[in-house]
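Please look over the protein below before reading on.

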Amino acid sequence: MKKSSMMAPMTIMARVAAVLVLSSAAMASAAGAAGLDMNFYGSTCPRVEAIVKEEMVAILKAAPTLAGPLLRLHFHDCFVRGCDASVLLDSTPTSTAEKDATPNLTLRGFGSVQRVKDRLEEACPGTVSCADVLALMARDAVVLANGPSWPVALGRRDGRVSLANETNQLPPPTANFTRLVSMFAAKGLSVRDLVVLSGGHTLGTAHCNLFSDRLYNFTGANSLADVDPALDAAYLARLRSRCRSLADNTTLNEMDPGSFLSFDSSYYSLVARRRGLFHSDAALLTDPATRAYVQRQATGLFTAEFFRDFADSMVKMSTIDVLTGQQQGEIRKKCNLVN
């Protein structure tokens with residue numbers, strides 16, 4: 001048996017609390033530099049975090065598999081136009097939005113975000129942005145999956161533009177190490193952030209078509225022998241038993257088998273054994289620095305360190321190109337529509 005399920009007691013949290021306190025000052029500093037404030041809604045919506053947490057407990061109790069998708073939704077939002085909730089906007093008759101672009105067609109959790117937003121509109125009408133809602137939900141998704149917490153500075157405003165063709169800024173699962181480093185650097189994120197945030201793949205599932213070329217068509221020969229040599233042979237056989245062809249775009253696979261509902265460091269053990277699902281996972285073994293981090297975390301002895309690192313990197317990511325102040329963006333009433 002692998003680790004406990006999402007709602008099990010958070011035993012690891014007790015061991016990392018002291019570590020997270022040490023980095024909280026640095027997190028607050030980074031958020032402040034982005035124009036955000038830990039007490040932004042102190043007078044206008046003082047229960048914002050409590051309300052989000054209450055709703056998240058109910059959401060994940062009903063659908064525990066949404067923890068990973070909600071974290072992914074925040075990631076996909078921040079990498080395109082910054083953390084402005086542009087990923088939530090619907091397409092219009094004249095413009096295709098981010099959510100309808102190929103990299104985002106498997107995103108889930110939009111209804112849950114609106115559920116939380118509706119609850120906040122009841123409590124504090126026209127006050128809390130969808131971008132802040134998404135940042136808080138991503139944090140709480142990790143916490144409720146037995147992962148680390150981090151302070152979420154608030155004050156993001158919602159963007160008014162969402163363009164499908166801008167999703168080319170999202171790091172694809174097929175990317176090699178050089179491309180990954182370049183795409184992260186474009187968002188102000190380091191190689192360390194790359195290997196740490198990849199650890200978020202401990203949560204959730206992925207469709208076969210995102211990695212099936214590693215099983216059947218690695219070099220374009222489209223034959224049973226055309227496989228990715230970087231993928232463990234036994235794991236490859238297991239994946240082939242689920243993903244029967246290159247055309248399979250419906251079958252889901254756990255990214256961290258046996259532990260996909262629990263946030264932990266076991267992802268790195270898989271990658272170290274050449275059992276990462278994506279090209280981008282395997283790419284972490286091609287660089288000395290990221291390979292060393294993977295191998296260190298694969299021992300299972302440094303989970304507190306990973307939790308601290310993940311919290312730090314999430315604070316950095318959640319402040320990418322945020323809109324702040326009355327002159328930028330808006331506070332949407334419905335997260336899928338501009339006002």
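The points below are grouped by topic.

This is a predicted model, in which local features need pLDDT of at least 70 and side-chain atom pairs count only at pLDDT 80 or more, while totals for chains, interfaces and linings use all residues. Residues are numbered from 1 along each chain as its sequence is written, and side-chain values use heavy atoms, with hydrogens and water left out.

**Nonpolar cores**

- The largest nonpolar core has 73 residues; such a core is a set of buried Ala, Val, Leu, Ile, Met, Phe, Trp, Tyr and Cys residues joined through side-chain atoms within 4.5 Å.
- Helix α5, residues 130–144, gives the most to this core, with 11 residues. Helices (H or I, at least four residues) and strands (E, at least two) are DSSP runs, numbered from the N terminus.
- Buried means under 20% relative accessible area, exposed over 50%, and partly exposed in between, with a 1.4 Å probe and protein chains only.
- Among the residues with the most contacts inside the largest core are M56, V113 and M137.
- M137 touches V52, M56, I59, L70, S112, V113 and V116, not counting residues up to four places away in sequence. Contact means heavy atoms within 4.5 Å.
- A second, separate core of 13 residues includes F211, L215, C243 and F278.
- In soluble globular proteins, nonpolar side chains tend to be buried together.

**Pockets**

- The largest pocket has a volume of about 1100 Å³. On a 1 Å grid over the protein atoms alone, a pocket is an open set of points where a 1.4 Å probe fits, with protein on both sides within 12 Å along at least five of seven lines, and lining residues have an atom within 4 Å of a point. Points are joined across faces, edges and corners, and the volume is the space filled by probe spheres set on them.
- This pocket is lined by 43 residues, and R72, H76, P173, H201 and F278 are the closest to its centre.
- Helix α3 gives the most to that lining, with 6 residues.
- By class, the lining of the largest pocket has 22 nonpolar, 16 polar and 5 charged residues. Ala, Val, Leu, Ile, Met, Phe, Trp, Tyr, Cys and Pro count as nonpolar, Asp, Glu, Lys and Arg as charged, and the others, Gly among them, as polar.
- The second largest pocket holds about 160 Å³ of space. Of its 13 lining residues, L89, D90, T92, R160 and V338 lie nearest its centre.

**Residues listed in UniProt**

- An unreviewed UniProt entry lists H76 for "active site"; such annotations may be inferred rather than shown by experiment.
- H76 lies in helix α3 and counts as buried because its relative accessibility is 9%.
- Beyond its neighbours within four places in sequence, H76 is in contact with E98, P103, N104, L107 and L170.
- For "binding site", the unreviewed UniProt entry lists P171, which is found in the loop between α5 and α6.
- P171 is buried, with a relative accessible area of 17%. Not counting residues up to four places away in sequence, P171 touches F75, F79, L180, M183 and F184.

- E55 lies in helix α2, residues 48–62, and is buried at a relative accessible area of 12%.
- The C-alpha atoms of E55 and R119 are separated by 8.3 Å, although the two are 64 residues apart along the chain.
- S318 is found in the segment after α13 and is buried, with a relative accessible area of 7%.
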